[in-house]
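Today I opened my notebook to look for salt bridges. Come along and check each entry against the picture.

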Amino acid sequence: MSFSSDVKEELIRQTSKSRHCQIAELAAILEFDGVVQEHPMRIHLNSDNPVLIQKYALLMKLIFGVDISKPLEEADVIRLLETVKWERDRQAGSRTNGLLVQRTCCQRAFLRGAFLAVGSVSDPQKSYHFELVARSVEQASQLQELMQNFELDAKIVERKGHYVVYLKEGSQIVDMLNVMEAYVALMNLENVRILKEMRNSVNRKVNCETANISKTVNAAVKQIQDIMLIRDTIGFDGLPEHLREMAQLRLDYPDTPLKDLGALLDPPVGKSGVNHRLRKLAEIASTCETNMGG
């Protein structure tokens, strides 16, 4: 099963005890996946998703005490539509009556129902992406407003005639799972995020250390090349004693760090002192190279 399916499976079992929250969740499911027909009046879901149908059946049983495996009487359909404030002449894609989602708990339930109907979330091992697909910009705007009430930075993009409300940051998706009360999925996603952040941190440190090692090795190679050029052109005899000692020591210990190299001098000098002498040797090598070119 996908991570998205796991979240929905968890949300089936997450049902509010309050009737007003149950109505809000049912309203979202009908808003995004419900179909009402006239003559005779019937209502059903457009989806054959067993997860969604299971939650729809549970809510209908809890709120109205009806069994959706049997056709609803017209009176039951009318009562249902009045309860979720579904206007008989409403156009497909209009937003849910705001009276149903005034309370914070009802907003959570509505977003949970919307996700069950038209939501998806990517596998966090691969990427971070959460979305709800609406039929109209009005629906999308309502979803965005509800998500923003929980300080979620939801964005809207049009895609193939639909309006997608989405989140792209892992921390925001964690917060959204918390809003919908998908706590098991939340912990699983957090575990993935922690491991990924640790892995990225280790990689950054390794890359930094590798870059430093490469820089050190390249510097040492250049120092040895400079010293060998001096040796093969003007020789070491003409160098001041401290530079001659430095040049010979670097040739004898090509892999030794500057700090340890300074400890081998007599008298010992610090890293900055070694650096200063090697720069002087580099300047002399540059002069030798210029003279050779001339």
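Here are my notes, one topic at a time.

**Entry 1: the count.** I worked with a predicted model. I searched the whole structure and got 10 salt bridges.

**Entry 2: K55 and E25.** I looked up K55 and found it paired with E25, with the closest N and O atoms 2.5 Å apart. Where do the two partners sit in the chain? I found K55 in helix α3 (residues 50–64) and E25 in helix α2 (residues 19–33). They are 30 residues apart, so I noted this pair as a link between distant parts of the chain. I also checked accessibility, and both K55 and E25 are buried.

**Entry 3: a network.** I then followed this pair further. E25 and K55 belong to a network of salt bridges that also includes R112 and E181.

**Entry 4: K222 and D226.** Next I turned to helix α8 (residues 183–233), which holds both K222 and D226. Their side chains form a salt bridge, at 2.9 Å from N to O. Which spacing separates them along the helix? They are four residues apart, which means about one helical turn between them. Is D226 buried or exposed? I read 10% relative accessibility for D226, so I wrote it down as buried.

**Entry 5: K155 and D153.** K155 is partly exposed because its relative accessible area is 36%. D153 comes to 46%, so it counts as partly exposed too.

Definitions and conventions:
Residues are numbered from 1 along each chain as its sequence is written. This is a predicted model: local features need pLDDT of at least 70, side-chain atom pairs count only at pLDDT 80 or more; totals for chains, interfaces and linings use all residues. Side-chain values use heavy atoms; hydrogens and water are left out. A salt bridge is a side-chain nitrogen of Lys or Arg within 4 Å of a carboxyl oxygen of Asp or Glu. Helices (H or I, at least four residues) and strands (E, at least two) are DSSP runs, numbered from the N terminus. Buried means under 20% relative accessible area, exposed over 50%, partly exposed in between (1.4 Å probe, protein chains only).
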